[in-house]
Amino acid sequence: MPSAMPIRPAATLAATAIGVVLLLAFRTPPAAPPATAVTLPSASAAATPTATPSGAPPSAGSSPTPTATPTAAAGGLKSGTFNGQTYSDQYGNLQVQLVISGGRITDVKLLQYPQNEPQSAFISSHALPLLREEVLQAQSAKIDAISGATFTSENYAASVQSALDLARA
Amino acid sequence: MVRAEPVMGTVVSLDIRDQGVPGAAVDAAVAWFHEVDATFSTYRPESEISRISRGELSRSDGSAEVQEVLGLCAEVTRRSGGCFDVQLGGRLDPSGLVKGWSVQRAAEMLQASGARNFFIGAGGDIVTRGRPAGGQRWRVGIRHPEIGDRVAAVLEAGDLAVATSGAYERGEHIVDPRTGRAPAGLLSMTVAGPSLTYADAFATAAFVMGEPGVAWVAGIDGYAALAITSDRRVVWTPGMAGLLAGSAPAPR
């Protein structure tokens, strides 16, 4: 839990130096790809696509004892690849494809995403790749969840829902 | 038990590590998010918020939830000097607080059902409880604002709420209620603390403030901030330093 901190003026915060660092090797983001599926994140950013360590028994003695065994998502998702319906708004068309394995979503591909207008192109190149993380629950084996501003879109949610409906049928 | 539920315009993730939590408890949490959507969505013309916004329903006739949320929003408006406000361009929009509030409530529901080790994530706002596994702590990455599949920093937590507001939100970008324009200065603002209701709203307000928002959050008892500026510096409060895994954010 963060401790209560005394009020300090911003200049003092900056001057302490412990809290200020330059982000090194800040790459420019890749240009928006043509309208085909977005590929998986690079291996250096994401390891095996499960957020839950598998198989290891919980440590003895501590109470409660959380289990690390992955379980199928409630609703019993079938394994496979499922295309959601296409939804459109003023930004363009949006259609997702879910890859499901072992009862959980292991990848989200964007079969269609808005990129025609300049604003939509910006949204596509920056926001839509980020949006995939919400469904994937942080692919890196070392991170359980990701906090970040996301693309809030009824069309995205609707397309994911329609794909999940196919996986549950 | 893991659930991914599209709702509230995003996807809500629930990840419960305890064994023996009834499936009905998770179902109830999911149903709660749909209730929140029906009540508060500005995308739904029949929601209470939309009806209040159009003047078809008075605030005092709104449900208890609506009144609670609007009351909390008013509190944050006061505390932030108007950098957070539900009134934007003649429209009522409490979205900057509703998501965090609904997740906070869902976490309380799960705890009441006996869950002790879980996280709930909704559109990048997260509540953690307990541990992911024995001897481990929840690791929450703060998304890199420019590189989609990278994180800029990692927090380690037991019980924590983490919310991030950023320049990379879609469509209706965050607007400074005082000017009606998008704020400049920051790529993202992350706030961590005991309640996601406040962390969510504080992150929105502090993002509007720009770099001075970091000091503003530092002055709020129990809350910590980490901001990534437009010129790519990372600034965080001393309280956040204790949450960061290792001594500094990842250099990529």
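**Talking through the model**

A: B:Arg129 is found in strand E6 of chain B, which covers residues 125-129, and please keep in mind throughout that this is a predicted model.

Q: OK, is B:Arg129 buried or exposed?
A: B:Arg129 is buried, because 21 other C-beta atoms lie within 10 Å, and the cut-off for calling a residue buried is 20 or more.

Q: Which residues does B:Arg129 contact, leaving aside neighbours within four places in sequence?
A: B:Arg129 is in contact with B:Ala107, B:Gln111, B:Arg116, B:Asn117, B:Phe118 and B:Asp159. As for B:Ala115, it is 14 residues from B:Arg129 in sequence, and the two C-alpha atoms are 8.7 Å apart in space.

Q: Let's move to the helices: what about H4(B), how much of it is buried?
A: H4(B) is mostly covered, with 13 of its 18 residues buried. Its end C-alpha atoms are 26 Å apart, which agrees with the 26 Å that 18 residues should span at 1.5 Å a residue. After the helix comes B:Gly114, which has a positive phi near 105°.

Q: And how does H4(B) pack with H3(B), what angle and what distance?
A: Helix H3 (residues 64-79) and helix H4 (residues 95-112) of chain B pack at about 120°, and their axes are 10 Å apart. The two helices are therefore oblique to each other, since an angle of 65 to 115 degrees would count as roughly perpendicular and one over 145 as roughly antiparallel. The crossing of H3(B) and H4(B) is right-handed.

Q: Which residues meet there?
A: From H3(B) there are B:Val69, B:Leu72, B:Cys73 and B:Val76, and these meet B:Leu97, B:Val98 and B:Trp101 in H4(B).

Q: What about H4(B) against H5(B), what is the angle there?
A: That angle is about 160°, with the axes of H4(B) and H5(B) 7 Å apart, and the two helices are therefore roughly antiparallel to each other. H4(B) passes H5(B) in a right-handed crossing. On the H4(B) side the residues include B:Gly96, B:Gly100, B:Trp101 and B:Val103, and on the H5(B) side they include B:Leu196, B:Ala199, B:Asp200 and B:Thr204.

Q: Which residues touch the most other members of the largest nonpolar core?
A: They are B:Val191, B:Ala199, B:Phe202, B:Ala206, B:Val217 and B:Ala225, in a core of 101 residues. The largest share of this core, eleven residues, comes from helix H5 (residues 196-209) of chain B. As background, nonpolar side chains in soluble globular proteins tend to be buried together.

Q: Say I click on B:Val191, what does it touch?
A: Not counting residues up to four places away in sequence, B:Val191 touches B:Ala163, B:Ala199, B:Phe202, B:Ala203, B:Ala206, B:Val217, B:Tyr223 and B:Ala225.

Q: Where is B:Met189 found?
A: B:Met189 is found in strand E10 of chain B, residues 186-193, and it counts as buried because it has 33 C-beta neighbours inside 10 Å. With residues up to four places away in sequence set aside, its contacts include B:Ala203, B:Ala206, B:Phe207 and B:Ala225. B:Ala227 is another residue that B:Met189 touches; these two are 38 residues apart along the chain, yet their C-alpha atoms are separated by 4.4 Å.

Q: Changing topic, what is phi at B:Met8?
A: Phi of B:Met8 is positive, about 55°, although the residue is not a glycine. In general, most residues other than glycine have a negative phi. B:Met8 is found in the loop between strands E1 (2-7) and E2 (10-16) of chain B, and it is buried, with 24 other C-beta atoms within 10 Å.

Q: And B:Arg232, where is that one found?
A: B:Arg232 is found in the loop between strands E11 (224-229) and E12 (233-236) of chain B. Its phi is also positive, near 70°, and B:Arg232 is partly exposed, with 14 other C-beta atoms within 10 Å.

Q: Which residues of H3(A) are buried?
A: They are A:Asn155, A:Tyr156, A:Ala157, A:Ser159, A:Val160, A:Ala163 and A:Leu164. The helix covers residues 154-168 of chain A and reaches 21 Å from its first C-alpha to its last, close to the 21 Å expected for its 15 residues at 1.5 Å a residue.

Conventions
Residues numbered from 1 in each chain as written. Chains lettered and ligands numbered in written order. Predicted model: local features only at pLDDT ≥ 70, side-chain atom pairs only at ≥ 80, totals over all residues. Core = buried A, V, L, I, M, F, W, Y, C linked by C-beta atoms within 7 Å. Buried ≥ 20, exposed ≤ 12 C-beta atoms within 10 Å, placed from the backbone. Helix = DSSP H or I, 4+ residues; strand = E, 2+ residues; numbered from the N terminus. Contact = placed C-beta atoms within 7 Å. Expected span 1.5 Å × (residues − 1). Axes fitted to C-alpha atoms, helices over the stretch in contact; angles between N-to-C directions. Parallel < 35°, antiparallel > 145°, perpendicular 65-115°, else oblique. Left-handed = near helix turned anticlockwise from the far one by under 90°.
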